[in-house]
Amino acid sequence: MSDDRPDPTNPEIYTHWADDTIRFGDMDATGHVNNVAFARYVEGGRVPFMRSGIVPAYDERQRFVVGNLSIRFRAQAFYPGTVQIGTGVAALGRTSITLGHGVFSDGVCLATAESVVVYIVDNRAAPLGDEMRARLEAVLMR
């Protein structure tokens, strides 16, 4: 993340929140939550954000697809427990949105992530429209 972006470990920067349960099956042989589970937690924040009405609803012609996902692990997590996933708009590109995510449990930031989602119209990357861009700019993380 660039230096001009807000601290992703600060829960106050996120505009949308979702909860998830740490499952027994999320653990690995070392006894903590496996890194793959964090990708699912991030998905659990990204999907509700994308379906919140800020971007157009998906249909046979238009949708968003994940072009990149990066996760920075910051603390271990253990079963049983719950996580809270904060999501917000970190940056806007011509055809993409970079979403920032924070995964928290009991006030501790376990991981931060960025998802780049690309706007697809008729099976090709397409520019974000002016109305959509305005809605997204209104919820940029600060």
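Helices (H or I, at least four residues) and strands (E, at least two) are DSSP runs, numbered from the N terminus. The model is predicted: local features need pLDDT of at least 70, side-chain atom pairs count only at pLDDT 80 or more, and totals for chains, interfaces and linings use all residues. Residues are numbered from 1 along each chain as its sequence is written, and side-chain values use heavy atoms, without hydrogens and water.

D26 sits in the loop between β1 (16-22) and α1. D26 is buried, at 3% relative accessible area (buried, under 20%; exposed, over 50%; partly exposed, in between; 1.4 Å probe, protein chains only). Its side chain forms a polar contact with the side chain of Y41, at 2.6 Å (a pair of N or O atoms within 3.5 Å; within protein, one must be able to donate a hydrogen and the other to accept it, and residues adjacent in sequence count only if both atoms are side-chain atoms). Beyond four places in sequence, D26 touches T21, H32, V33, N34, A37, R40 and Y41 (contact, heavy atoms within 4.5 Å).

R51 lies in the loop between α1 (35-50) and β2 (62-73). R51 counts as exposed because its relative accessibility is 65%.

The largest nonpolar core has 16 residues (buried Ala, Val, Leu, Ile, Met, Phe, Trp, Tyr and Cys residues joined through side-chain atoms within 4.5 Å). V55, F64, I97 and L136 have the most contacts inside it. Two or more residues each come from α1, β4 (96-105), β5 (108-121) and α2 (130-137). β5 gives the largest share, 3 residues. Another core, of 13 residues, lies apart from this one and includes V33, A37, V83 and L110.
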